Amino acid sequence: MELYLYKDKNADIESRIADLISRMTLDEKVKQIDQYGGGDITYTDRSMCKNDYEPGELKTVPEKIRETLGDTGIGIVQVFNCNAKVYNEVQRYAMENTRLGIPVIFCQEALHGFGKSGATVFPQQIALASTFEPELGEEMGHCIAREARSCGIQETWNPVLDLAREPRWGRTEENLGEDTYLSSRFAASIVKGLQGDDISQPDRVASEPKHYTAYGAPIGGLNCAPCSMGRHEVFEYCQPVFEAAFAESGAMNTMCSYSSVDGIPVPADHELITDVLRGEWGMRGYVRSDMCAISMLNCDHNVADTREEAIRMALESGVDVQLYDFPHDFYQGTIKDYVEKGIISEETLNRAVSRVLRVKFMLGLFDSPYIDETLEEKVFHCEAHQQTALEIARKAVTLLKNDKNILPLSKNIKKIAVIGPSAAELCFGDYSVSTYGYEDLSLLSCIKKTVSKDTEVMYAKGCEYLESAMMPIPPHWLKNDISEANGLKGEYFNNPDMPEGEPALTRVDSQINFNFISAKVSDYVEAHFSSVWTGKLCP
């Protein structure tokens, strides 16, 4: 049996990439640069859950795997609450049942801890930076990499390297602060911790810093708005942070931002995405669009007349992978159609595909595609990782004023008032897993444990995070006319202004409690959509 060059582990990676691309069909190529979701191949088994908050167990759906991967395979999939068994089952199909046996990259969020219930939760990046010890960022990165890789995730979407230059922007806690130099030191250290010297190792992952670039200073503090900084300021202040991650620590991939700098949206900025990122800094992997960033070229920034033109513009500028911007058939179909018509050159497509394949080869997926299913039990939320999180938390404490030496709390204090919306609840912050199953270490509970039993601790919520707090209606109160399952009938339409025509998706939603920024609705629903829920409230 002939051994193709791309399967020869002794050959150099670039030769293997060239050989594999020469054997790929157009269908196989476009599937490599598309982003798939865990719902395409898995489901969550909640049959053993005791309540609505328990995460359940992720399992594969063999028929979905066959339908999604088919004979061509897929490039990348984002899987929430992944485990080694699920990963191995999917990867085994990709290696043994697709025509060329191209492995799949599994990816996930991991801002301040791997994005899986029960993982070690570290302080937010803004707290990490306040330690002024970049070596702690490296330690945190390595802990996250261990936990992610043990569950089958080889690429993590972190660190966040936006400068917090707009206090009204609601994502400052994700950042490393406003200072370029301090942020750059942590950028280099976190990436080094995640990737080490060899990302094929079982305790390392490919790092995808975000959001490249100019994302932390939007006009008016509005998320996704154009950048309030000019091009000179972006290169002076924002770029050095990313440069440290890529040129110094060799970050593999990046997620491009929604920003527009001096009228040029980043996903369409060839200088930023190709000339600087690849040409000057030598980034080896791929650029993934932030969710909707490509579609925004058409519907928000208005630099592309059509959705198809937005795809072409991003791909030619150097954005290699979409993140749920468009349904698979539309995204892949547009690229195939444009290549066949000569509107997009096959060289442009091959370049994007080669970047995805390069990461797969560097991760060692072609040669060692499966993982040890006992590894998760050994490293996941282990004592060593908890101690690292505790050390960062202690060193991150910032006391602005210690009036009358109120701290540390004295056992002789007679009465303490604890006031605030987050005081009595366990809060992990942005891009965090559910708090279910973790020890209740709220500020209020910890104060009660610290003071004397004779100290009276009074608590008042005082206010809400927002003007009014809303709690989701429990599923067992909601009924619909299409299923016996609890919930409302949800209809989703591929037009953002108002529901028109036939819905692209109809399903039962157990609760109206969604974050459509962090998770897509469905492959059938586009990035910009409208929805209608109908049913009965039966408390």
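Select α5 (125–129), α15 (383–396) and α16 (443–450): each supplies at least two residues of the lining of the second largest pocket. Helices here are DSSP runs of H or I with at least four residues, strands are runs of E with at least two, and both are numbered from the N terminus. The model is predicted: local features need pLDDT of at least 70, side-chain atom pairs count only at pLDDT 80 or more, and totals for chains, interfaces and linings use all residues. Residues are numbered from 1 along each chain as its sequence is written, and side-chain values use heavy atoms, without hydrogens and water.

Stay with α15, which gives the most to this lining, with six residues. The second largest pocket holds about 1,500 Å³ of space. A pocket is an open set of points on a 1 Å grid over the protein atoms alone, where a 1.4 Å probe fits, with protein on both sides within 12 Å along at least five of seven lines; lining residues have an atom within 4 Å of a point. The volume is the space filled by probe spheres set on the points. Next, select P123, A393, L426, C427 and L441, the closest to the pocket centre among its 35 lining residues.
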